[in-house]
Amino acid sequence: PVEIEGHRLLQLRNPWGRLMWKGRFSYQDASSWSPAMQSVGMPFATHVQKLCPDFKRRLQNPSFDDGLFWMSYEDFQKYFKNLSV
């Protein structure tokens, strides 16, 4: 997980490439992403830009769906019981 502003976040990809997470820290939940988290100058933003170069576009167009999404670690633990890598 990546930690920023007290939130532990995971970036995940749905293996089917569609039907992404729509909860907290999804691209459709712009209210969870503080301005500092979106700022290019922040270390987290630099990390995000490397993992997801089109991060800003995704926030601006949350209907874009390729299966890539962010989720809080707490929600991950709540909704997933098994993990296969």
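Predicted model: local features only at pLDDT ≥ 70, side-chain atom pairs only at ≥ 80, totals over all residues.
Local features require pLDDT of at least 70 and side-chain atom pairs pLDDT 80 or more, whereas totals for chains, interfaces and linings use all residues. Residues are numbered from 1 along each chain as its sequence is written, and side-chain values use heavy atoms, without hydrogens and water.

The protein chain contains four helices and three strands. Both are DSSP runs numbered from the N terminus (helices: H or I, at least four residues; strands: E, at least two). The order from the N terminus is β-β-α-α-α-β-α. Of the 85 residues, 38% count as buried. Buried denotes under 20% relative accessible area, exposed over 50%, and partly exposed in between (1.4 Å probe, protein chains only). Among contacts with a separation of 6 or more, 64% join residues 24 or more positions apart. A contact means heavy atoms within 4.5 Å.

Strand pairing was assigned where DSSP finds at least two bridges between two strands. Strand β1 (residues 2-4) runs antiparallel to β2, and three bridges join them. Val-2 has Leu-9 in β2 as its bridge partner. The two strands form a hairpin with two residues between them. In the turn, Glu-5 has a positive phi of about 50°. β2 also pairs with strand β3 (residues 68-72), again in the antiparallel sense, over five bridges. Here Gln-11 stands opposite Trp-70.

The largest nonpolar core has 14 residues. Such a core is a set of buried Ala, Val, Leu, Ile, Met, Phe, Trp, Tyr and Cys residues joined through side-chain atoms within 4.5 Å. Leu-9, Leu-12, Trp-33, Met-37, Phe-69 and Met-71 touch the most other members. β2 and β3 each supply at least two residues of this core. Leaving aside residues up to four places away in sequence, Phe-69 touches Leu-10, Gln-11, Leu-12, Arg-13, Asn-14, Met-20, Trp-21 and Tyr-27.

Four aromatic pairs were found in the whole structure. Rings of Phe, Tyr and Trp (its six-membered ring) pair if their centres lie within 6.5 Å; planes under 30 degrees apart are stacked, over 60 edge-to-face, and the rest tilted. Trp-33 and Trp-70 are edge-to-face, because their ring centres lie 6.2 Å apart and their planes stand at 80°. This pair links distant parts of the chain, 37 residues apart: Trp-33 is in the loop between β2 and α1, and Trp-70 is in strand β3. Both residues are buried. Phe-76 and Phe-80 are stacked, at 5.0 Å centre to centre and 25° between the planes. Phe-76 is buried at 14% relative accessible area, while Phe-80 is partly exposed at 37%.

Phe-25 lies in the loop between β2 and α1 and is buried, at 2% relative accessibility. Its phi is positive, near 70°. Most residues other than glycine have a negative phi.

The structure holds one salt bridge, defined as a side-chain nitrogen of Lys or Arg within 4 Å of a carboxyl oxygen of Asp or Glu. The side chains of Arg-24 and Asp-75 form this bridge, at 3.2 Å from N to O. The partners are 51 residues apart, with Arg-24 in the loop between β2 (7-13) and α1 (35-38) and Asp-75 in helix α4 (residues 73-79). Arg-24 is partly exposed at 37%, whereas Asp-75 is buried at 9%.
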